Amino acid sequence: MRPAVSARAGRIPKGNLAELFVLARSRGAIDLAVGTPEAPETPRPLVEEAVRALRSGANQYEFPQGGANVRRAIAASFATPADPDTELTITVGGTEALCVALFSLVDPGDEVILLDPYYENFLGAVELAGARPWFVQMREPGPDDPDWRLDPEELAAAFGPATRAIVLNTPANPTGQTLTIEELELIAELCERWDVTVIADEVYSRLVFDDRPHLSVTDVPALRDRSVVVGSLSKSHAISGWRLGFLRARPELTTVFRRVHEITTNGAAAPLQLAAGLTDLFDAGTLTAAKELSQARDETADILTRMGLTFRMPQGGCFILADIRGATDEDCRAYVRRVLDRSSVLLAPGTPFFADEERGRNYVRVAFNRTPETLAAARSRLLP
Ligand SMILES: Cc1ncc(COP(=O)(O)O)c(C=O)c1O
């Protein structure tokens, strides 16, 4: 008998947190596993405008490319400007943007490079596009180098005639690492040599800490025309349920992306786009997410250090990827389970973020986009 589902769908990795979530919820545990924002607070003007937009009757299809106002606001927010009419498409979250990019750029059998560890949806989306993932292991932080580092030789060896795209993520989930100009220039050189497109997930571009600016692939001249950028308002504006993201690319690609996007969703929620377009979306006064989250990062880092975990301090994003070997001999699943049983706090096991389970077994991922109250409660449960 033929399998009921496609081979592509069958290859999507199974989310294996579900069981833990059910257990955690039934016990009223504090969830530090998922990235759903509890902080910052959703900006009040966005909520007010959304209500007004619904009441005003903006309840039908928007043009698939997205509302003009929101495209303009997003395009104007980049360090290297984009044309909102020809280079930007509003998508249903960064999640759809990634799928549209992959479906538009790669054919079944093509190779797509992923930096490992990675956000787990990258692998599922590559599989769904029928492409083959090629993993490049980031070197773990150690005494000589506290960063997650790309190994230039391993990176160079990953490129070949079958390579069609490389997925980057800066700042990254789960490591919090940002890619340096040197790393991006090396990637540019290899992409040029092998004619490869960069798909850069920059959904955490607004969550970069310690007064550092976000370095986008579009700010690197050698990458600008080779890159497409996946973006999102989910975390920066704490509207993950609104499902507003975007895809930035040069005009010829944008034309194709918009066609594919008509097939995948035909557009994001019209009243929510309208609301986002009517507020000062990126006004420093209304967007203090990075400052708030850097304090939450510091608080979370202190708790984890006191638990005996070690980690690279995230430069951006909303996660800490912590090595548990200083605290336990268990693998991450047993450790997560024990912390849940003992302290009623849920952490995420590291294995889904690594191609090699053996590497992932030593890590947990901790989300810190939480309120000071939640973190204080987590502290008292974890460090009684
Ligand atoms: C790296 C990365 N990209 C994309 C997403 C999904 O973003 P969105 O809510 O915009 O679909 C997430 C969510 O956790 C993420 O961590």
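**Figure 1. Strand 7 and its two partner strands in the predicted model.** Strand 6 (residues 197-201) and strand 7 run parallel and are joined by four bridges. Within this pairing, Asp201 stands opposite Val230 of strand 7. Strand 8 (residues 244-248) pairs with strand 7 in the antiparallel sense, also over four bridges. Here Val229 stands opposite Arg248 of strand 8. Six of the six residues of strand 7 (residues 227-232) are buried, so the strand is largely enclosed by the rest of the structure. Both of its faces are covered: Ser227, Val229 and Gly231 are buried on one side, and Val228, Val230 and Ser232 are buried on the other.

**Figure 2. Residues around the ligand.** The ligand has 13 residues around it, of which Gly93, Gly94, Thr95, Ser232 and Ser234 come nearest. Helix 5 (residues 93-105) gives the most to this shell, with three residues. By class, the shell holds 10 polar residues, two nonpolar residues and one charged residue.

**Figure 3. Helix 12 and what covers it.** Helix 12 (residues 289-306) has 18 residues and reaches 26 Å from its first C-alpha to its last, close to the 26 Å expected at 1.5 Å a residue. Its buried residues are Ala289, Ala290, Leu293, Ala296, Arg297, Thr300, Ile303 and Leu304. Seen down the axis of helix 12, the buried residues fall within an arc of 140°, so they line one face of the helix. On the other side of helix 12, Lys291 and Arg306 are exposed. The buried residues are covered by elements that include strand 9 (310-311), strand 10 (319-323), strand 13 (363-367) and helix 15 (372-382). Gly308, which follows helix 12, has a positive phi near 95°.

Figure 4. Strand 9 is joined to strand 10 by two bridges, and the two run antiparallel. Thr310 stands opposite Asp323 in strand 10.

**Figure 5. Thr374 in helix 15.** Thr374 is partly exposed, with 18 other C-beta atoms within 10 Å. Leaving aside residues up to four places away in sequence, Thr374 touches Ile30 and Glu38. Thr374 and Arg2 are 372 residues apart in sequence, and their C-alpha atoms are 49 Å apart in space.

Figure 6. Most peptide bonds are trans. Pro117 is found in the loop between strand 3 (111-116) and helix 6 (120-128).

**Figure 7. Asp195 and Asp211, with positive phi.** Most residues other than glycine have a negative phi. Asp195 is not a glycine, yet its phi is positive, about 55°. Asp195 is found in the loop between helix 8 and strand 6. With 11 other C-beta atoms within 10 Å, Asp195 is exposed. Asp211, also not a glycine, has a positive phi of about 60°. Asp211 lies in the loop between strand 6 and helix 9 (221-224). It has 8 C-beta neighbours inside 10 Å and counts as exposed.

Terms used
Residues are numbered from 1 along each chain as its sequence is written. This is a predicted model: local features need pLDDT of at least 70, side-chain atom pairs count only at pLDDT 80 or more; totals for chains, interfaces and linings use all residues. The expected span of a helix is 1.5 Å times one less than its number of residues. A residue is buried if 20 or more other C-beta atoms lie within 10 Å of its own, exposed if 12 or fewer, and partly exposed in between; C-beta atoms are placed from the backbone. The arc is that of the directions from the helix axis to the C-beta atoms. Two residues are in contact if their C-beta atoms, placed from the backbone, lie within 7 Å. Two strands pair if DSSP finds at least two bridges between them. A residue is near a molecule or strand if its C-beta atom, placed from the backbone, lies within 6 Å of it. Ala, Val, Leu, Ile, Met, Phe, Trp, Tyr, Cys and Pro count as nonpolar, Asp, Glu, Lys and Arg as charged, and the others, Gly among them, as polar.
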